[in-house]
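The sequence and structure come first.

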Amino acid sequence: MMLRYALRSVRARKAGFLGAFLSLMCAAALITACGTLLDTGLRGTIRTERYAASSVVVSADQNVHRTTVKHKKGKTKVKHKAKPIAERAWLPENLETTLARTPGVARVIPELTFLAQPLTPTGTGGRTAYGHAWDSAALTPYRLVTGGAPRAATDLVIDRDFALRARLRPGDRLTVQSTQAPRVYRITGIAAPATPVRHQTSLFFSAGEARRLAAHPGQVTAFGVLPAKGTSAERLRQAITTVLHGPTALPGTTTSLRPTTSLGSTVQVTTGDARGPVEFLDAATARTRLVSIGGAMGGTSLLVAVLVVVGTFVLSVQQRHRELALLRAVAATSGQIRRLLGREALIVGTVAGVAGALLGLPLGTWLYNRFVALGAVPATLQHTTGVAPPLAALVATALGAWTAARVASRRISRIRPAQALAEAEPGAGAGAEAGTEAEAGVEAEAKSARTRLTTRTRLTTRTRLTARAGLTRGRLLAGLVLLVGGVVLVAVLSKLRTEPASTPVTFLAVVVLSTSVALLGPLLVKAAVLVLRGPLRRSGPTGRLATANLRGNAVRMASVVTPLTLLIGMTCTVLFVQPTLGDAARAQAREGVRADWVVASQGPGVPAEAARQLRARHDIVTEVVRTTVRVGLDKYVAQGVTPAGLTRTWDPDVTAGSLDGLTEHTVAVSELAAEQLHLKPGGTLKLTLGDGTPATLTVVAVYARGLGFGDLTLAHDLVARHVDNPLASSVLVSTPRTQTQLATTLREFPDIRVLAPAAADSLQARRQQANAEVNYLAMGLVLAFTGIAVVNTLAMSVAERVREFALLRLAGATRRQVLRMLRIEALSVVLLATALGSGVALAVLTAFSIGMTGRAAPSVTPLVYVTVVTVGAALALVATALPGRAALRLRAVTVATARE
């Protein structure tokens, strides 16, 4: 029976539920879109291209491992963890002999994969270019369509797609920037793959030249293993596993064996779709990033959705105050009222969830494509859309609607029938009382003493009633608890000194503090009215009317203030958190660079030969190579620098020890790393280099500018041997020579520029801005949803007051006066929301700045901040004016005498 009544109620009040429906639909779309990203990170396919013809691929494991054994109460617990390394791990080439003797193996093909960027005006069409030995072309396979195989060191075979794009043919010359100095090669042939290769450009060199460019003597990237006739890929995988490590492998497509190589890395045997992550390391790493982004966006979206939807349902229940009060008066129990509202919410939530989930699927695809376009996710990780994200969004939306309705119905369901009957009388509701106050305010201008007295009496009675109804003891307590929780999060944030740890706490603190604002909203609105009462009253009759409405309808106004506060607070946090960190890092870098000039590249990097030519002219040169390393399982940003003459070009603000002792066996660490790892000069640091090679180094110095230069500084040659791209990201030059003279020395190196340190800093700022676009996109949808909620809530709030506007018109107020009253109310709400949202953002950003930079100096761009506030104010004014004008088009007499 209650369900039937709920269905009838929803059908009869479609317009009343429209606001809640829109909020829930947007929430479901956002949760579905974030869920598809999360699903792609967990289950997205990485299809192989290069190894398409190789049934089994043997490669080095791309993870560092830690196994912990605990003995407690007679039980032994073994916990294993693994984290990915930053660069490609390599295998010893003598493993080929072992693989070739394995039963069922027809052929073993060693593979070399290395950086090889062709320097042409047309580029590679966005594809990453790799170099290989022609002997491994059979792994795809590539077959010659014209010309011949490379035999000499300067011979080259290119793939057909690149040849068509660059309009190259056999006999042409092509300059290639690989791991060494750029070299001109003669194209001897063009090859085409037997299966589609869409995500890479392949250049094939002679075997000797490929080994030189790979720069890993005695090592290979992987082995492709072709089965003998009659041997399945799975049988071959099991046979290889048995030969390498004994008969202990479990069934599956991937087996990791540890440790069997001279590098101390593990051997990985893969078949099927598991070959893709071996080929595309960036796609495998992007899985973790996408899971993190999708989880963070989805979690934030869910919290924001609950906060907004609760406010929407509070307004919806207020609009039905008289109806629900009458139900209580005719003996409906509290439980029946709650069940009615809950089932109505489930109906609306289910319909909105289905519609939102359907909209969220294309939204998720668009979001994935944007991440690919920004370079945050490689196209090789295929977008996956399953049934789990829409179903999760549907369940979350329905449960969120039901929870919001239960929260919103607490007061009306507990009201006594006698009080409900009194409140159900015409003129006793909040909206009617506001209209009566408004009427009294207009007549006050006519100096009617009797009306003023009546208004004051009703105002006093209603204010007491609203105070009791709007801010119950439980709501006040919950608001204070969340406020304390937000303060605690801000305090914790000020102690966090790593970006992965501080970022989720940053946005969680904004949501928690905004939730406390929502719960304490009526109290905050009343406090704001006390502050603004003087200026508002001086603005004339409409200002006094606006003051009466703000004070008398604090609950309704609080529902409007909440999403606007969240919008301003979240937007300011999103826009200024990255500049706060980036500006501090760039400031440290500017202060630490002593060089006269910075050599940078528009391509993959500055080759070592360029640095050697500068040194031949007696310049002091520091090559900088960047990577990340693992200390245990923790990741640290590291750089390799040339030790000779280092203090002439670079000053990291050494606080202990000296950089004079920096060699391939030593390391300098930042103060943060020293604190976390309990290090000091003379201590020992065990780490895993980018390609999985373990190293034990002695600490020689501790420096303060870790934010600008990374946590660990090692010798350049040590790092360059263990990264995929050994080219320098920049070269610092101290010299009396001019910029033109340096450029003349380096004229044979294409895409090389000589910059002043200030120009290099500007270039770095542009790169940081490009990286920040990923975060802006990630949180932009959440902010868009919040903006929609602001408009939706304000429109609902104004639509609720149609009867009040009619009473004002009948009392003599003009349309212009009513609209001016609405504008004053909207501006008052914007002012309060701006103060609260700015306060929340300032507290969070200041704590973030203290933790990450050691200074309470968040980077806030005034123009951007003013733009955020202006947009918020524009949304509020438009969302107030449009429904207000629509309401005033109706005849006042018709509205005032109509049944509610």
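A contact here means heavy atoms within 4.5 Å. Helices (H or I, at least four residues) and strands (E, at least two) are DSSP runs, numbered from the N terminus. This is a predicted model, in which local features need pLDDT of at least 70 and side-chain atom pairs count only at pLDDT 80 or more, while totals for chains, interfaces and linings use all residues. Residues are numbered from 1 along each chain as its sequence is written, and side-chain values use heavy atoms, with hydrogens and water left out.

**Confidence**

- The protein chain has a mean pLDDT (the predictor's confidence in each residue, from 0 to 100) of 84, and 89% of its residues reach 70 or more.

**D155 in strand β9**

- D155 belongs to strand β9, which covers residues 155–159.
- Buried means under 20% relative accessible area, exposed over 50%, and partly exposed in between (1.4 Å probe, protein chains only).
- D155 counts as buried because its relative accessibility is 7%.
- A polar contact is a pair of N or O atoms within 3.5 Å; within protein, one must be able to donate a hydrogen and the other to accept it, and residues adjacent in sequence count only if both atoms are side-chain atoms.
- The D155 side chain makes a polar contact of 3.3 Å with the side chain of R186, and it reaches the backbone nitrogen of R151 at 3.1 Å.
- Not counting residues up to four places away in sequence, D155 touches P150, Y185, R186, T188, F204, F205 and S206.

**Helix α5**

- Helix α5 spans residues 207–214, and E209, A210, L213 and A214 are buried in it.
- Seen down the helix axis, the buried residues of α5 fall within an arc of 135°, so they line one face of the helix; the arc is that of the directions from the helix axis to the C-beta atoms.
- These buried residues pack against β6 (114–118), β7 (128–133), β10 (173–178), β11 (183–193) and β12 (200–205).

**Backbone exceptions**

- Most residues other than glycine have a negative phi, and most peptide bonds are trans.
- A215 counts as partly exposed because its relative accessibility is 36%.
- R167 has a positive phi near 55° and is in the loop between α4 (160–166) and β10.
- R167 counts as exposed, since its relative accessibility is 78%.
- The peptide bond from T140 to P141 is cis, with omega near 0°; P141 is in the loop between β7 and β8 (142–147).

**Nonpolar cores**

- A nonpolar core is a set of buried Ala, Val, Leu, Ile, Met, Phe, Trp, Tyr and Cys residues joined through side-chain atoms within 4.5 Å.
- The largest core has 95 residues, and those with the most contacts inside it are M297, V304, F371, V525, L564, M570 and F805.
- Helix α29 (residues 815–853) gives the most to this core, with 17 residues.
- Leaving aside neighbours within four places in sequence, V304 is in contact with V511, L566, M570, V782, F785 and T786.
- A second, separate core has 41 residues, including V58, A89, A116 and V269.
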